[in-house]
Amino acid sequence: MLLRVEDIHKQYGKDKVLCGVSFGMKKGETKVIIGPSGTGKSTLLRCINRLTPADQGRVWLEEEEITHTRASINKIRAQIGFVFQSFNLFAHLTALGNVRIGPLKVKGMKKDAATKLAMEELERVGLSDKADAYPAELSGGQQQRVSIARALAMFPKLILFDEPTSALDPELIGEVLEVMVSLAKEGMTMLVVTHEMGFARAVADEIIFMENGVIVEQGEPKQMFTNAVHARTGEFLNKISELYGETSE
Amino acid sequence: MAGSSLAVPSQLSEQETLIQNIARLAPFIPSLLRASLINIQLLIGLIALGYVFGTLTALLQVYGGKILGTVARIYEWIFRSVPALVLLFLFYYGPPRFGIGISGFAAAMFALGFRSSAYQSQIFRGAIQSIPSGQMLAARSMGMSRIQAIFSIILPQAFRLSIPGWTNEFSSVIKDTTLAYAVGFNEVLRTARIVYDTHYDLAMSVLIFVALIFMVLTLAGNALMGGVERRFRIPGLQVPGHEKTRQSSRTSSDSWGLRLRNFWR
Amino acid sequence: MTFEWEWIPKLAQGLPLTLQITFTCVAIGIVLGLLLALGRVYGHRILRGICIVYIQFFRGTPLLVQLFLVYNGLPNLGITLTALQSGILALGLNTAAYQAEYFRGAIQAVRGGQMLAARSLGMSLPQAIRFAILPQALRLVLPSWSNEFILMLKYSSIVFTVTLLDLMGQGKRIASRNAKTFEVFLVVAVFYLVLVLIVSTLLRLLEKRVSIPGLGAPSEHR
């Protein structure tokens with residue numbers, strides 16, 4: 001088991017955002033989390049790498065407990081990649097600079113090695129020709145791909161994707177999903193919060209449906225789409241498929 | 001105090017006096033220019049001091065936690081609320097009270113330097129706070145420690161975002177160096193004073209000359225900061241929503257809007 | 001270090017002058033600044049040029065130099081003013097230049113569509129300025145008035161160099177008699193701190209009642 005999430009609770013004031021979420025992920029698996037907005041999906045991701053501390057519950061990355069008070073959180077985070085909805089590329093660095101800074105500063109790589117690595121990752125997401133561009137000079141889709149390259153450059157054990165395409169114009173979504181699909185096929189362990197059903201159908205090993213802070217149902221895509229146990233799940237999937245599903249593969 | 005009571009020598013006709021006046025000013029020009037070099041030295045010293053302490057104060061306020069943050073805030077409040085002249089007196093007459101000798105230059109440099117640090121702290125703090133929170137999040141999510149994130153991600157951006165504010169500060173403190181006059185320090189205004197204390201009818205000309213020196217210095221300073229801004233410019237990295245226009249680089253404050261207004265108080 | 005209680009009332013004697021100078025020069029600054037701004041935005045070439053030169057001069061040169069120009073320089077031209085008049089005039093002329101820029105920013109912020117709308121109703125230029133532009137511009141500029149006030153409050157201290165007995169001048173006077181300059185000025189500093197605190201709180205309350213947040217970011221310095 002690569003990732004184990006056990007009984008996560010999180011509350012903002014009176015708002016109970018997560019009420020006991022547990023699941024696990026094996027190496028190489030791709031899981032997609034779906035659900036209505038505000039059901040804590042993003043919060044869950046942030047609790048996993050402790051960007052947001054959970055009120056209750058534990059998380060393990062392989063043998064290490066992330067939620068332990070004595071955990072070396074920086075070392076752990078260096079093993080988990082995070083792709084944000086709003087990209088969050090470092091505004092003062094070029095694409096190359098962004099991809100390179102993790103290996104350089106966090107892993108202490110030498111500059112030449114880090115640069116070479118960064119160029120390889122940019123190549124992998126199809127943007128090696130934009131290495132010297134600043135974030136403001138790139139389109140949304142390009143920025144998000146750089147952000148994925150930035151995560152990849154750290155050789156993570158797991159990558160968390162927080163609605164990676166929600167902030168993109170429709171015609172740019174495809175290029176990002178393409179990268180994500182190829183990553184999944186190469187065996188990267190990915191936990192993705194998204195509405196893109198086409199993606200889920202293509203590469204997800206499991207779909208997790210969340211509502212009101214709990215996991216309502218989880219299962220293989222085929223099963224979830226055709227034969228969901230809970231009526232609510234089927235309802236939601238149909239609605240989403242109408243809006244997002246077939247158009248973006 | 002001299003000047004106002006000596007009407008007689010200045011009742012010469014304006015036409016005649018103007019050219020003669022300027023001619024009589026000529027021998028004093030070298031010493032005036034030399035004195036203004038002292039102002040420039042003071043300027044450099046106090047800006048450097050202000051930069052170091054200003055950055056420190058800003059960082060303490062944003063990242064320092066309750067105690068250090070409050071200390072920093074109080075420091076800033078004091079050095080912004082007490083008039084520069086009072087500060088000059090305190091730094092000039094204070095140390096001797098405790099048995100430490102201090103030169104006029106050092107007193108002026110410390111007084112005006114710490115004062116500048118309070119304003120620079122505000123500029124820098126505003127810059128830091130205008131950086132989207134996602135930048136810090138992204139840095140932390142890849143395993144950078146807080147300190148690493150601050151130095152590698154936040155500061156480089158804050159530095160660039162502060163440049164317009166610094167241009168402002170620069171042109172102000174150039175002029176504030178004349179306040180050192182009040183503690184008897186021999187900078188350009190005092191030199192000018194010495195000239196017209198004995199040549200009453202040169203007062204106007206000397207003072208206009210000094211005024212012109214400062215206008216030139218201010219223009220030079222603005223040009224310098226413009227160069228700095230261009231050298232470090234990064235596309236897309238500006239105060240959100242406000243592009244620098246040609247106008248604003250001279251009139252200094254128009255383009256900053258609400259955010260700056262709030263933290264300039 | 002020893003302090004004397006009697007300093008406090010003695011220093012307080014300088015307060016009325018400090019406040020008087022501050023109020024008066026800000027008032028001059030507002031009126032003159034508005035005129036300069038209008039001249040700069042709506043005037044024809046020569047008028048605009050004069051306004052620009054004025055503004056650049058008073059913003060680009062030190063306040064102390066300006067004070068001496070008025071007090072010591074003007075007599076060369078036959079105009080002799082008392083120390084008080086000089087102080088108020090110099091500070092007033094100075095703040096007018098800065099006010100002019102805040103006004104200009106506010107006017108230009110309002111200008112575009114508002115002017116078009118006013119003219120299309122048939123208003124003349126002066127009417128448009130008076131009924132459409134100014135009411136909005138004046139609201140936008142309020143926050144910077146309070147800022148200027150505080151600034152002038154602090155800078156009013158320079159008048160002691162022409163031997164006026166404001167707060168600063170009183171301090172100098174007491175100090176020259178007992179040679180305890182440092183201690184006296186510590187008390188002076190506290191006076192100013194309290195003064196600034198009170199005035200800025202009052203101004204902020206006033207602002208809340210009256211203003212609209214907006215453009216015209218004030219600059220703190222001279």
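How many residues of chain A are in contact with how many residues of chain B? In this predicted model, local features need pLDDT of at least 70 and side-chain atom pairs count only at pLDDT 80 or more, whereas totals for chains, interfaces and linings use all residues. Residues are numbered from 1 along each chain as its sequence is written, and chains are lettered from A and ligands numbered from 1 in the order in which they are written.

**View 1. The side of chain A that touches chain B.** Here 22 residues of chain A are in contact with 20 residues of chain B; a contact requires C-beta atoms, placed from the backbone, within 7 Å. Two or more residues come from each of helix H2 (73–77) and helix H3 (95–106) of chain A, and H3(A) gives the most, with 4 residues. Helices are DSSP runs of H or I with at least four residues, and strands are runs of E with at least two, numbered from the N terminus. This side of chain A comprises 12 nonpolar, 6 polar and 4 charged residues. Ala, Val, Leu, Ile, Met, Phe, Trp, Tyr, Cys and Pro count as nonpolar, Asp, Glu, Lys and Arg as charged, and the others, Gly among them, as polar.

**View 2. The fold of chain A.** Chain A contains 9 helices and 10 strands. Its C-alpha trace spans about 55 × 45 × 35 Å along the principal axes. Of the contacts in chain A with a separation of 6 or more, 64% join residues 24 or more positions apart.

**View 3. The three chains A, B and C.** Among the 2 pairs of chains in contact, chains B and C share the most contacts. Chain A and chain C do not touch, and their nearest C-alpha atoms are 26 Å apart.
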